[in-house]
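Thank you all for coming; I would like to take a few minutes to walk through one model with you. Please have a look at the picture first.

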Amino acid sequence: MLNSIFWLTILSNVAVGHPVTDCSSKPPAFFLAGDSTTAVDGGWGDGLLATLRNPAWGVNIGKSGATTSSFAAGGYWGNVTEHLRGYVDKFDCYVTISFGHNDQKSTSGVSFDTYLANLVKFANEVKALGGTPLLTSSLTRRAFPSGQDHNATDSLHDQRLAAIDAAKATGSTVIDLNDASLKYINAIGKQAAYEYNYGDDKKDTTHLNPHGTVVFGRMMSDLIIRAKPYLESSFNPDKALSDKIWNNQPA
């Protein structure tokens, strides 16, 4: 049933949701929901929040190891909705929703249909509370097959399409981080991409070191501005870094 509802079409780039004219007079607040690739210490989330210009602000509620189901069961999604209820009257609230790395594992206990349904449920709850959901496709892994230094494994392809379809089903916006990050690391190649790997030995190709957090946090802020141009004044620009990212240069 879910497949018949959501897998209607395959889109390469989507930015559906509120029109640019939906600009609010209230300053924005960003609440980040996701797994470890969003969370503090290893994710892009703090890098995104660091680009915000006062009075814009945000909170990173990402949880390492989380699936869509465990994020809800553990009370983390409740934390997101509590923030929405508490701040939506005074702030234009946005919620990034980025899951998939753990949901896709065979040991997760989360079927693909449940994963997709959870994304839809999250987005609808954000909208019902007066916020704006940003369905964010998963940060790519920086894993390259042997001898293919510019062809990273597209290991989150189905999860990217799920984010797109969940956005389509709910009339929400997609922030296609998976597509942008995969294209970027393929362009700069394995050696340069590994400079963002977590850990002293730089062998963790899923999580980000502090510099990677800055780079992919900037990529996220640029993608949000592309989807919601009226938010540009809420972010501090870094033209040098943005130019490197979008011109496919190591940053």
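In which loop does P55 lie? P55 sits in the loop between α2 (45-49) and β2, where helices (H or I, at least four residues) and strands (E, at least two) are DSSP runs numbered from the N terminus. The bond that joins N54 and P55 is a cis peptide, with omega at about 15°.

A word on sources: this is a predicted model, in which local features need pLDDT of at least 70 and side-chain atom pairs count only at pLDDT 80 or more, while totals for chains, interfaces and linings use all residues. Residues are numbered from 1 along each chain as its sequence is written, and side-chain values use heavy atoms, with hydrogens and water left out.

Turning to the sheet, five strands form an open, parallel arrangement in the order β2-β1-β3-β4-β5, two strands being paired if DSSP finds at least two bridges between them. Because β2 (57-60) and β5 (173-175) each have a single partner strand, one side of each is left without a neighbour in the sheet. Strands β3 (residues 92-98) and β4 (residues 132-136) pair over four bridges in the parallel sense, and V95 has P133 in β4 as its bridge partner.

Finally, the backbone: D41, in the loop between β1 and α2, has a positive phi of about 65° although it is not a glycine. With 59% relative accessibility D41 counts as exposed, where buried means under 20% relative accessible area, exposed over 50%, and partly exposed in between (1.4 Å probe, protein chains only).
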